[in-house]
Amino acid sequence: MPHKIAVIGGDGIGPEVTAVALEVMRAAGADLDTTDFRLGGFRYLEDGVILPDEILKELRQYDAILLGAVGTPEVPPGVIERGLLLKARFELDLYINLRPFVLPGGHEFVVIRENTEGTYAGEGGFLRKGTPDEIATQGSVNTRKGAERCIRYGFELAQSRTRKHLTLVHKTNVLTFSGDLWERTFQEVSIEYPDVDTAYNHVDAACIYFVEDPTRYEVVVTDNLFGDILTDLGGAVSGGIGLASSANLNPDRTAPSLFEPVHGSAPDIAGQGLANPTAAVLSGAMMLDFLGDTETSERVRMACQGVPTSGRTEEIASAIHQNLVGEER
Ligand code: IPM
Ligand code: MN
(Lines give C-alpha, C1' and ligand atoms only; values in the text may rest on other atoms or scores of the structure.)
(Ligands and ions follow the chains in the order given, each with its own letter.)
Protein backbone atom coordinates (compact mmCIF):
# COMPACT_ATOMS: atom_id res chain seq x y z
CA MET A 1 0.00 0.00 0.00
CA PRO A 2 1.44 3.39 -0.96
CA HIS A 3 1.67 6.12 1.66
CA LYS A 4 -0.94 8.80 0.97
CA ILE A 5 0.92 12.10 1.21
CA ALA A 6 -0.54 15.60 1.07
CA VAL A 7 2.05 17.95 -0.40
CA ILE A 8 2.00 21.68 0.37
CA GLY A 9 4.90 23.14 -1.58
CA GLY A 10 3.89 26.63 -0.48
CA ASP A 11 5.80 29.80 -1.24
CA GLY A 12 9.23 30.84 -2.45
CA ILE A 13 11.71 27.97 -2.52
CA GLY A 14 9.14 25.63 -0.90
CA PRO A 15 7.93 23.96 -4.12
CA GLU A 16 11.51 23.56 -5.44
CA VAL A 17 12.77 21.76 -2.36
CA THR A 18 9.70 19.54 -1.86
CA ALA A 19 9.94 18.41 -5.49
CA VAL A 20 13.50 17.22 -4.85
CA ALA A 21 12.46 15.56 -1.57
CA LEU A 22 9.75 13.57 -3.36
CA GLU A 23 12.10 12.53 -6.20
CA VAL A 24 14.75 11.35 -3.76
CA MET A 25 12.30 9.41 -1.58
CA ARG A 26 10.87 7.68 -4.64
CA ALA A 27 14.32 6.91 -6.01
CA ALA A 28 15.16 5.37 -2.63
CA GLY A 29 12.16 3.06 -3.03
CA ALA A 30 9.36 4.87 -1.18
CA ASP A 31 5.89 4.12 -2.49
CA LEU A 32 4.14 7.50 -2.34
CA ASP A 33 0.70 8.49 -3.54
CA THR A 34 0.89 12.29 -3.48
CA THR A 35 -1.73 15.01 -3.82
CA ASP A 36 -0.72 18.65 -4.24
CA PHE A 37 -2.51 21.26 -2.19
CA ARG A 38 -2.19 24.79 -3.59
CA LEU A 39 -1.80 26.68 -0.33
CA GLY A 40 0.42 29.52 0.84
CA GLY A 41 0.77 33.26 0.51
CA PHE A 42 0.48 33.05 -3.28
CA ARG A 43 -2.96 31.42 -2.97
CA TYR A 44 -4.11 33.97 -0.41
CA LEU A 45 -3.21 36.74 -2.86
CA GLU A 46 -5.16 34.95 -5.60
CA ASP A 47 -8.46 34.30 -3.84
CA GLY A 48 -8.11 34.91 -0.09
CA VAL A 49 -7.89 31.20 0.79
CA ILE A 50 -5.46 30.30 3.61
CA LEU A 51 -6.48 27.02 5.27
CA PRO A 52 -10.24 26.72 5.51
CA ASP A 53 -11.78 24.01 7.70
CA GLU A 54 -12.92 22.00 4.66
CA ILE A 55 -9.35 21.70 3.42
CA LEU A 56 -8.14 20.84 6.91
CA LYS A 57 -10.75 18.09 6.99
CA GLU A 58 -9.44 16.79 3.66
CA LEU A 59 -5.87 16.84 4.96
CA ARG A 60 -6.92 14.57 7.81
CA GLN A 61 -7.48 11.80 5.27
CA TYR A 62 -3.76 11.56 4.50
CA ASP A 63 -1.04 9.52 6.18
CA ALA A 64 1.26 12.54 6.39
CA ILE A 65 1.76 16.08 5.13
CA LEU A 66 4.97 17.26 3.47
CA LEU A 67 5.37 21.03 3.52
CA GLY A 68 8.00 23.21 1.80
CA ALA A 69 7.71 26.69 3.28
CA VAL A 70 4.98 29.29 3.61
CA GLY A 71 5.00 33.06 3.76
CA THR A 72 5.63 35.80 1.26
CA PRO A 73 6.64 39.46 1.71
CA GLU A 74 3.49 40.69 -0.09
CA VAL A 75 1.33 39.43 2.78
CA PRO A 76 1.63 41.08 6.23
CA PRO A 77 3.58 38.98 8.75
CA GLY A 78 1.51 36.49 10.69
CA VAL A 79 -1.39 36.09 8.28
CA ILE A 80 -0.13 32.94 6.54
CA GLU A 81 2.01 31.77 9.47
CA ARG A 82 -0.94 31.82 11.87
CA GLY A 83 -3.65 30.99 9.37
CA LEU A 84 -1.89 28.04 7.78
CA LEU A 85 1.11 26.61 9.59
CA LEU A 86 0.07 27.31 13.16
CA LYS A 87 -3.52 26.39 12.41
CA ALA A 88 -2.34 23.02 11.12
CA ARG A 89 -0.07 22.50 14.16
CA PHE A 90 -2.87 23.36 16.59
CA GLU A 91 -5.84 21.73 14.88
CA LEU A 92 -4.01 18.49 14.05
CA ASP A 93 -2.55 18.53 17.59
CA LEU A 94 1.03 18.26 16.32
CA TYR A 95 2.35 18.80 19.82
CA ILE A 96 5.92 17.67 19.25
CA ASN A 97 8.27 19.58 16.99
CA LEU A 98 11.29 17.34 16.58
CA ARG A 99 14.45 18.95 15.22
CA PRO A 100 17.59 16.78 14.96
CA PHE A 101 21.08 18.16 14.40
CA VAL A 102 24.39 16.68 13.35
CA LEU A 103 27.46 18.74 14.26
CA PRO A 104 30.42 18.97 11.88
CA GLY A 105 32.35 16.64 14.23
CA GLY A 106 29.60 14.02 14.00
CA HIS A 107 27.81 14.54 17.34
CA GLU A 108 24.05 14.16 17.00
CA PHE A 109 21.49 15.78 19.23
CA VAL A 110 17.82 16.57 19.01
CA VAL A 111 15.63 19.41 20.21
CA ILE A 112 12.04 18.72 21.16
CA ARG A 113 10.05 21.90 20.90
CA GLU A 114 6.56 22.11 22.38
CA ASN A 115 4.41 22.97 19.38
CA THR A 116 0.88 23.94 20.45
CA GLU A 117 1.15 26.39 23.35
CA GLY A 118 3.26 29.17 24.87
CA THR A 119 3.33 32.56 23.19
CA TYR A 120 2.32 30.87 19.95
CA ALA A 121 -1.18 30.26 21.31
CA GLY A 122 -1.88 33.88 20.36
CA GLU A 123 -3.31 35.12 23.64
CA GLY A 124 -3.30 38.90 23.93
CA GLY A 125 -4.49 42.00 22.20
CA PHE A 126 -4.36 45.75 21.81
CA LEU A 127 -5.96 48.54 23.72
CA ARG A 128 -6.14 52.05 22.24
CA LYS A 129 -4.15 50.86 19.24
CA GLY A 130 -2.27 53.54 17.37
CA THR A 131 -2.59 56.13 20.14
CA PRO A 132 0.15 57.30 22.52
CA ASP A 133 -1.64 55.32 25.24
CA GLU A 134 -1.48 52.09 23.29
CA ILE A 135 -1.19 48.82 25.19
CA ALA A 136 -0.20 45.49 23.62
CA THR A 137 -0.18 42.26 25.60
CA GLN A 138 1.06 38.91 24.38
CA GLY A 139 0.38 36.08 26.78
CA SER A 140 1.92 32.65 27.08
CA VAL A 141 -0.37 29.68 27.55
CA ASN A 142 1.13 26.78 29.49
CA THR A 143 -0.98 23.83 30.53
CA ARG A 144 0.13 21.03 32.78
CA LYS A 145 -1.08 18.57 30.17
CA GLY A 146 0.77 20.34 27.35
CA ALA A 147 4.05 20.58 29.23
CA GLU A 148 3.77 17.03 30.55
CA ARG A 149 3.13 15.29 27.25
CA CYS A 150 6.07 17.12 25.70
CA ILE A 151 8.41 16.41 28.63
CA ARG A 152 7.29 12.78 28.70
CA TYR A 153 8.10 12.48 25.00
CA GLY A 154 11.54 13.85 25.86
CA PHE A 155 12.13 11.23 28.55
CA GLU A 156 10.96 8.44 26.26
CA LEU A 157 13.26 9.59 23.48
CA ALA A 158 16.21 10.05 25.85
CA GLN A 159 15.62 6.58 27.30
CA SER A 160 15.75 5.04 23.82
CA ARG A 161 19.16 6.56 23.10
CA THR A 162 22.65 5.52 24.18
CA ARG A 163 23.54 8.35 26.54
CA LYS A 164 20.05 8.61 28.05
CA HIS A 165 20.46 12.29 28.74
CA LEU A 166 17.74 14.93 28.73
CA THR A 167 18.14 18.69 29.24
CA LEU A 168 15.27 21.02 30.05
CA VAL A 169 15.77 24.52 28.66
CA HIS A 170 13.65 27.39 30.00
CA LYS A 171 14.04 30.70 31.80
CA THR A 172 12.86 29.83 35.30
CA ASN A 173 14.70 32.76 36.88
CA VAL A 174 12.43 35.24 35.13
CA LEU A 175 9.40 33.30 33.90
CA THR A 176 8.50 32.29 37.43
CA PHE A 177 5.02 30.99 36.53
CA SER A 178 5.43 29.09 33.30
CA GLY A 179 9.02 28.15 34.18
CA ASP A 180 7.86 26.83 37.52
CA LEU A 181 5.18 24.69 35.87
CA TRP A 182 7.71 23.30 33.38
CA GLU A 183 10.37 22.61 35.98
CA ARG A 184 8.02 20.95 38.47
CA THR A 185 6.53 18.81 35.73
CA PHE A 186 10.03 17.87 34.55
CA GLN A 187 11.03 16.86 38.11
CA GLU A 188 7.88 14.82 38.63
CA VAL A 189 8.09 12.97 35.33
CA SER A 190 11.81 12.31 35.86
CA ILE A 191 10.98 10.05 38.83
CA GLU A 192 9.42 7.60 36.37
CA TYR A 193 12.67 7.49 34.34
CA PRO A 194 15.41 6.83 36.91
CA ASP A 195 17.81 5.66 34.17
CA VAL A 196 17.67 9.01 32.34
CA ASP A 197 20.26 11.61 33.35
CA THR A 198 18.84 15.12 33.51
CA ALA A 199 20.13 18.67 33.32
CA TYR A 200 18.62 22.13 33.30
CA ASN A 201 19.87 25.22 31.42
CA HIS A 202 18.48 28.71 31.20
CA VAL A 203 17.84 29.52 27.57
CA ASP A 204 20.44 32.32 27.42
CA ALA A 205 23.11 29.97 28.74
CA ALA A 206 21.94 27.29 26.31
CA CYS A 207 22.68 29.74 23.47
CA ILE A 208 26.30 29.88 24.59
CA TYR A 209 26.56 26.09 24.95
CA PHE A 210 24.94 25.51 21.55
CA VAL A 211 27.85 27.43 20.05
CA GLU A 212 30.73 26.58 22.40
CA ASP A 213 29.96 23.14 23.75
CA PRO A 214 26.99 21.52 21.99
CA THR A 215 28.25 17.97 22.64
CA ARG A 216 26.86 18.31 26.16
CA TYR A 217 23.41 17.85 24.64
CA GLU A 218 21.73 14.64 23.57
CA VAL A 219 18.01 15.41 23.89
CA VAL A 220 16.76 18.90 24.71
CA VAL A 221 13.17 19.70 25.62
CA THR A 222 11.87 23.26 25.66
CA ASP A 223 8.86 25.48 25.13
CA ASN A 224 7.55 26.71 21.80
CA LEU A 225 9.29 30.10 21.45
CA PHE A 226 12.60 29.06 23.03
CA GLY A 227 12.53 26.02 20.75
CA ASP A 228 11.92 28.17 17.69
CA ILE A 229 14.92 30.38 18.41
CA LEU A 230 17.22 27.66 19.69
CA THR A 231 16.65 25.43 16.66
CA ASP A 232 17.68 28.18 14.24
CA LEU A 233 20.88 28.36 16.27
CA GLY A 234 21.11 24.56 16.21
CA GLY A 235 20.88 24.73 12.41
CA ALA A 236 23.51 27.43 12.21
CA VAL A 237 26.07 25.42 14.22
CA SER A 238 25.42 22.17 12.40
CA GLY A 239 26.14 23.01 8.81
CA GLY A 240 23.59 25.76 8.23
CA ILE A 241 19.85 26.12 8.09
CA GLY A 242 19.90 24.50 4.62
CA LEU A 243 20.38 21.14 6.34
CA ALA A 244 17.96 21.46 9.26
CA SER A 245 14.94 19.16 9.08
CA SER A 246 11.89 18.93 11.29
CA ALA A 247 8.86 16.85 12.13
CA ASN A 248 5.64 18.24 13.58
CA LEU A 249 4.32 15.11 15.23
CA ASN A 250 1.01 13.94 16.57
CA PRO A 251 2.50 10.99 18.48
CA ASP A 252 -0.98 9.67 19.31
CA ARG A 253 -1.65 9.42 15.57
CA THR A 254 -5.13 10.94 15.85
CA ALA A 255 -4.24 13.10 12.80
CA PRO A 256 -1.51 13.12 10.16
CA SER A 257 1.87 14.54 11.16
CA LEU A 258 3.54 17.31 9.16
CA PHE A 259 7.14 17.35 7.96
CA GLU A 260 8.98 20.49 6.86
CA PRO A 261 12.46 21.98 6.68
CA VAL A 262 13.27 24.47 9.46
CA HIS A 263 14.10 27.16 6.88
CA GLY A 264 11.57 29.58 5.45
CA SER A 265 10.44 30.44 1.94
CA ALA A 266 13.58 32.53 1.16
CA PRO A 267 11.86 34.76 -1.42
CA ASP A 268 15.20 36.41 -2.29
CA ILE A 269 16.48 33.25 -3.96
CA ALA A 270 13.18 31.68 -5.07
CA GLY A 271 12.96 30.40 -8.63
CA GLN A 272 16.68 30.74 -9.27
CA GLY A 273 17.68 27.14 -8.58
CA LEU A 274 19.75 28.23 -5.61
CA ALA A 275 17.85 26.55 -2.78
CA ASN A 276 19.52 23.80 -0.78
CA PRO A 277 17.06 20.88 -0.94
CA THR A 278 18.82 18.82 1.76
CA ALA A 279 16.68 20.02 4.69
CA ALA A 280 13.52 19.09 2.78
CA VAL A 281 14.96 15.70 1.79
CA LEU A 282 15.91 14.98 5.41
CA SER A 283 12.43 16.06 6.50
CA GLY A 284 11.15 13.48 4.02
CA ALA A 285 13.36 10.89 5.74
CA MET A 286 11.76 11.82 9.07
CA MET A 287 8.37 11.33 7.45
CA LEU A 288 9.27 7.85 6.18
CA ASP A 289 10.55 6.99 9.66
CA PHE A 290 7.31 8.03 11.28
CA LEU A 291 5.36 6.03 8.69
CA GLY A 292 7.36 2.95 9.65
CA ASP A 293 9.43 2.79 6.47
CA THR A 294 12.70 2.92 8.40
CA GLU A 295 14.83 1.20 5.76
CA THR A 296 13.98 3.68 3.01
CA SER A 297 14.35 6.49 5.50
CA GLU A 298 17.86 5.35 6.39
CA ARG A 299 18.76 5.09 2.70
CA VAL A 300 17.61 8.68 2.14
CA ARG A 301 19.51 9.92 5.18
CA MET A 302 22.71 8.13 4.15
CA ALA A 303 22.42 9.55 0.64
CA CYS A 304 22.48 13.08 2.08
CA GLN A 305 25.85 12.51 3.72
CA GLY A 306 28.79 14.30 2.21
CA VAL A 307 26.79 16.19 -0.42
CA PRO A 308 27.73 19.84 -1.04
CA THR A 309 26.23 22.15 1.56
CA SER A 310 25.94 25.00 -0.89
CA GLY A 311 25.59 25.41 -4.63
CA ARG A 312 22.79 24.98 -7.11
CA THR A 313 19.68 22.95 -6.21
CA GLU A 314 20.26 20.64 -9.19
CA GLU A 315 23.86 19.89 -8.26
CA ILE A 316 22.98 19.05 -4.67
CA ALA A 317 20.00 16.96 -5.80
CA SER A 318 22.11 15.00 -8.26
CA ALA A 319 24.81 14.39 -5.64
CA ILE A 320 22.10 12.88 -3.39
CA HIS A 321 20.83 10.75 -6.28
CA GLN A 322 24.35 9.57 -7.07
CA ASN A 323 24.85 8.47 -3.47
CA LEU A 324 21.63 6.47 -3.70
CA VAL A 325 22.82 4.69 -6.83
CA GLY A 326 26.24 4.20 -5.21
CA GLU A 327 24.64 2.44 -2.24
CA GLU A 328 22.89 -0.06 -4.49
CA ARG A 329 26.15 -1.25 -6.03
C1 IPM B 1 9.48 27.54 12.29
C2 IPM B 1 9.06 28.86 11.72
C3 IPM B 1 7.63 29.15 12.15
C4 IPM B 1 7.62 29.22 13.66
C5 IPM B 1 7.02 30.42 11.55
C6 IPM B 1 7.05 30.39 10.04
C7 IPM B 1 5.62 30.66 12.05
O8 IPM B 1 9.93 29.87 12.07
O9 IPM B 1 8.86 26.52 11.96
O10 IPM B 1 10.44 27.51 13.06
O11 IPM B 1 7.93 30.26 14.24
O12 IPM B 1 7.31 28.20 14.27
MN1 MN C 1 11.60 29.20 13.29
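1. **D180 and R184.** D180 is partly exposed, with a relative accessible area of 36% (buried means under 20%, exposed over 50%, partly exposed in between; 1.4 Å probe, protein chains only). Its salt-bridge partner is R184, and the closest N and O atoms are 2.8 Å apart (a side-chain nitrogen of Lys or Arg within 4 Å of a carboxyl oxygen of Asp or Glu). R184 also counts as partly exposed, at 41% relative accessibility. Both residues sit in helix α6, four residues apart, so about one helical turn separates them.

2. **Basis of the model.** This is a predicted model: local features need pLDDT of at least 70, side-chain atom pairs count only at pLDDT 80 or more, and totals for chains, interfaces and linings use all residues. Residues are numbered from 1 along each chain as its sequence is written, chains are lettered from A and ligands numbered from 1 in the order written, and side-chain values use heavy atoms, leaving out hydrogens and water.

3. **E295 and R299.** How far apart are the closest N and O atoms of the salt bridge between E295 and R299? They are 3.9 Å apart. Both residues belong to helix α10 (residues 294–303), four residues apart, or about one turn of the helix (helices are DSSP runs of H or I, at least four residues; strands are runs of E, at least two; both are numbered from the N terminus). E295 counts as exposed, at 62% relative accessibility. R299 counts as partly exposed, at 28%.

4. **The salt-bridge network.** R144, E148, R152, E188 and E192 belong to one network, joined by salt bridges that share partners. Across the whole structure, the search finds 17 salt bridges.

5. **E260 and R89.** Here the salt bridge is 2.9 Å, N to O, between the side chains of E260 and R89. The pair links distant parts of the chain. E260 is in strand β12 (residues 257–261), R89 is in helix α4 (residues 79–91), and 171 residues separate them. Are these two residues buried or exposed? E260 is buried, with a relative accessible area of 5%. R89 is buried too, at 4%.

6. **Ligand 1.** Ligand oxygen atoms have polar side-chain neighbours. For R113, a polar side-chain atom lies 2.7 Å from a ligand oxygen. For Y120, a side-chain N or O atom is 2.6 Å from one. For D228, the distance is 2.9 Å. Taken alone, ligand 1 exposes 320 Å², and the protein buries 77% of that (Shrake-Rupley areas, 1.4 Å probe; for residues, only the protein chains shown count as cover).

7. **Charges over rings.** R113 also lies over the face of Y120, at 4.9 Å from the ring centre (NZ of Lys or CZ of Arg within 6 Å of the centre and within 35 degrees of the ring normal). R216 lies over the face of Y209, at 3.5 Å from the ring centre.

8. **T116.** This residue is in the loop between β5 (108–114) and β6 (124–127). T116 counts as buried, at 14% relative accessibility. Its side chain makes a polar contact with the side chain of E114, at 2.6 Å (N or O atoms within 3.5 Å; within protein, one able to donate a hydrogen and the other to accept it, and sequence neighbours count only if both atoms are side-chain atoms). The T116 side chain makes another such contact with the side chain of R149, at 3.4 Å.

9. **Aromatic pairs.** There are eight in the structure (Phe, Tyr or six-membered Trp ring centres within 6.5 Å; planes under 30 degrees apart are stacked, over 60 edge-to-face, the rest tilted). F37 and Y62 pair edge-to-face, 5.6 Å centre to centre, with 85° between the planes. They link distant parts of the chain: F37 is in the loop between β2 (32–36) and α2 (41–47), Y62 is in the loop between α3 (53–59) and β3 (64–69), and they are 25 residues apart. F37 counts as buried at 9% relative accessibility, and Y62 at 12%.

10. **F155 and F186.** This pair is tilted, 5.1 Å centre to centre, with 40° between the planes. F155 is in helix α5 (residues 144–159) and F186 in helix α6 (residues 178–190), 31 residues apart. Both are buried.

11. **An aromatic cluster.** F101, F109, F210 and Y217 form one cluster.
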